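Here is a short tour of one protein model, written for someone who is new to reading structures. Have the 3D view open and click along as you read.

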Amino acid sequence: MTQLDGELSPPFEIVEPERWRAPIIFNSPHSGSVYPSEFLNASRIDLAALRRSEDSFMDELIGGLSDQGFPTVRVNFPRSYVDVNREPYELDPRMFTGRLPSFANTRSMRVAGGLGTIPRVVGDGQEIYRERLSVDDALRRIEALYKPYHRALRRLINKAHQAFGTVILVDCHSMPSVGVSRDEPRRPDIVIGDRYGTSCASLLPDVVEHIMSGLGYSIGRNKPYAGGFITEHYGNPASGLHTVQLELNRAIYMDERRRERSPRFAQVVTDFAMLADALAQVPLGDLGPFQAAAE
């Protein structure tokens with residue numbers, strides 16, 4: 001625990017502006033690139049292969065927004081070590097020695113694909129570990145990293161909700177430019193995920209599409225990414241809690257093979273700032289929650 005605390009200190013960072021411009025939070029849960037030494041030692045693949053699962057530089061793309069009045073959240077540990085965009089206990093029994101707790105979700109589609117809370121594979125399907133892990137190790141990671149992150153995110157959301165009556169969480173991710181399947185059509189520049197209309201007011205993805213398509217980006221909705229646990233768990237439009245997921249095509253802002261920022265990186269930072277400005281101008285009353293008018 002001491003070693004983990006030392007290498008992953010802090011495990012995540014929240015940067016709040018001195019004055020909130022709007023109740024809009026930008027979150028980057030998958031851009032972490034601090035790999036604990038014990039994790040690297042246990043892995044059968046090298047660091048370059050592990051890093052293919054990263055949403056590389058997404059935290060940097062949104063990092064400057066805190067200076068413009070929007071809080072930002074970034075996770076520093078990699079998703080291949082602990083994935084905070086999952087249920088707390090989506091765990092694959094094949095990965096562990098010992099018996100998992102009875103409350104673990106061992107049958108989800110994400111677990112079946114090897115992408116549970118403690119992933120078994122990286123994004124391109126390569127197995128991560130040489131040997132099985134102990135159940136205690138998995139539970140330790142969840143207690144030390146996963147739960148504190150979600151407690152802090154929940155506090156931030158509650159703070160905005162209490163101050164403004166509503167909150168918008170923009171969950172920021174990036175995707176490989178090419179899918180695993182050859183049959184998958186060419187991926188757009190941005191995929192907007194709102195869990196098929198259930199995680200936020202419909203006005204929000206419409207605003208995102210209008211602004212970003214106007215800046216020259218091609219847009220998709222919910223396919224191949226409709227939003228993960230964070231989008232589903234924190235999105236409750238009837239209570240004024242709105243969550244929208246953005247998946248940015250990595251070829252737009254980086255060299256995927258070399259894992260380096262491309263010349264367009266600075267322009268994408270500017271474009272995200274324009275998107276934040278546009279979202280801040282959405283009248284909060286248009287988002288609800290809607291209540292019946294008094295008789």
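Predicted model: local features only at pLDDT ≥ 70, side-chain atom pairs only at ≥ 80, totals over all residues.

**Helix α6**

Let's begin with helix α6, which covers residues 135–164 and so has 30 residues, as helices are counted here. From its first C-alpha to its last it reaches 42 Å, close to the 44 Å expected at 1.5 Å a residue. Where is the kink in α6 centred? Look at Ile-142: the helix bends there by about 35 degrees. Just after α6 comes Gly-165, and this glycine takes a positive phi of about 85 degrees.

**A histidine in strand β9**

Next, find His-242, which sits in strand β9 (residues 241–249). Is His-242 buried or exposed? With a relative accessible area of 1%, His-242 is buried, because the cut-off for that label is under 20%. A polar atom of the His-242 side chain lies 3.0 Å from the backbone nitrogen of Ala-201. Ala-201 also turns up among the residues in contact with His-242, once neighbours within four places in sequence are left aside. Others in that set include Thr-166, Val-167, Ile-168, Leu-169, Pro-237 and Leu-287.

**Charged pairs**

How many salt bridges does a search of the whole structure find? The count is 21. Here are three of them, with the N to O distance for each:

| Salt bridge | N to O distance |
|---|---|
| Asp-59 and Arg-74 | 2.8 Å |
| Arg-94 and Asp-92 | 2.9 Å |
| Arg-79 and Asp-83 | 3.4 Å |

Take Asp-59 and Arg-74, whose closest N and O atoms are 2.8 Å apart. This pair links distant parts of the chain: Asp-59 belongs to helix α4 (residues 58–63), Arg-74 to strand β3 (residues 72–75), and they are 15 residues apart. The two partners get separate labels: Asp-59, at 10% relative accessibility, counts as buried because it falls under 20%, whereas Arg-74 has 33% and is therefore partly exposed, since that value lies between 20% and 50%.

Now try the other two rows.

Key. Residues numbered from 1 in each chain as written. Heavy atoms only, no water. Helix = DSSP H or I, 4+ residues; strand = E, 2+ residues; numbered from the N terminus. Buried < 20%, exposed > 50% of the residue type's maximum accessible area, 1.4 Å probe, protein only. Polar contact = N/O pair within 3.5 Å; in protein donor to acceptor, adjacent residues only side chain to side chain. Contact = heavy atoms within 4.5 Å. Expected span 1.5 Å × (residues − 1). Bend = angle between axes of the 7 residues up to and from the residue. Salt bridge = Lys/Arg side-chain N within 4 Å of Asp/Glu carboxyl O.
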